[in-house]
Amino acid sequence: MDWFLELSPVMQALIATLFTWAITALGAAVVLFFKTINRKILDCMLGFGAGVMIAASFWSLLNPAIQLCEDIGVRYAWLAPAMGFLAGGLFIVVSEKFLDKFYFTKWKDKKDYEKGADSVKRSLLLVAAVTIHNIPEGLAVGVAFGGVVAGVDGATVLSAMLLALGIGLQNFPEGAAVSLPLRREGYSRQKSFLCGQASGMVEPIAGVLGAFAAMTMRSMLPFLLAFAAGAMISVVSSELIPESASENKNLATIGVILGFMVMMIMDVALG
């Protein structure tokens, strides 16, 4: 691990987000071997990843943002984090609304869509939706690593690595959630896999940008940290928890609790 600790935050963020991308590709690769995957396993992983992201959004992002505002003498230490958190959450909400508007242009109502939608547009939307959700996740990892060098109180390489691990875990079912439906639409196994892994390609880009911004724009760091937190909470509440609890509510709940607990212990006790 010494070699990793000696790297610059930008390189650390790049490696960490390449890992999360690789897990997305691994999840997408199930289409090469299976037509379906055990739903209970996916729901547990989604729940665990959601728990990790909820805990990380506070201890690794939001709380450090407030602490940094206090350290640099901002009069209202809560204002920039609150605005960043709101902006991050709205970014996901508006993105989903835009996708919905684009998606339903061809159909007058949802019933028309359910009767039979164009498979190409449906596939493109599926990839686009997961890709947009991956942007704030990559940003969060990058900002977490960059915050260590920026001197953010409570920011550690360990907590940033754990955040990347949690995001990676929930990326596995996301990759499968893209590739398997594409296969059912009639795409080849190879094309389904390529589309599934492509949805995670934005994470390394967002991770590098997040780390660079955290290192060079200290005054903007509280906003950036909170933005990443708000975006992650929005993704968790609108996508991960509803999806994981739709069929296996108890397993998803246990996964969330375990993920939150593991992140809390590792971040607070060891960080």
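Modeller: What follows begins with the chain and then turns to its core. The model is predicted, so local features need pLDDT of at least 70 and side-chain atom pairs count only at pLDDT 80 or more, while totals for chains, interfaces and linings use all residues. Residues are numbered from 1 along each chain as its sequence is written, and side-chain values use heavy atoms, with hydrogens and water left out.

The chain has 11 helices and 0 strands, where helices (H or I, at least four residues) and strands (E, at least two) are DSSP runs numbered from the N terminus. Of its 271 residues, 48% count as buried, that is, under 20% relative accessible area with a 1.4 Å probe, protein chains only. Taking contacts (heavy atoms within 4.5 Å) between residues at least 6 apart in sequence, 84% join residues at least 24 apart.

The largest nonpolar core has 44 residues, such a core being a set of buried Ala, Val, Leu, Ile, Met, Phe, Trp, Tyr and Cys residues joined through side-chain atoms within 4.5 Å. Those with the most contacts inside this core are Leu61, Val141, Phe145, Leu163, Leu221, Met232 and Leu240. Two or more residues come from each of H2 (9-28), H3 (39-71), H6 (119-149), H7 (157-184), H9 (202-216), H10 (221-245) and H11 (249-270), and H10 gives the most, with 12 residues. Leaving aside residues up to four places away in sequence, Leu61 touches Ala56, Ala140, Leu225, Ala228, Ala229 and Met232.

Definitions and conventions. Buried means under 20% relative accessible area, exposed over 50%, partly exposed in between (1.4 Å probe, protein chains only).
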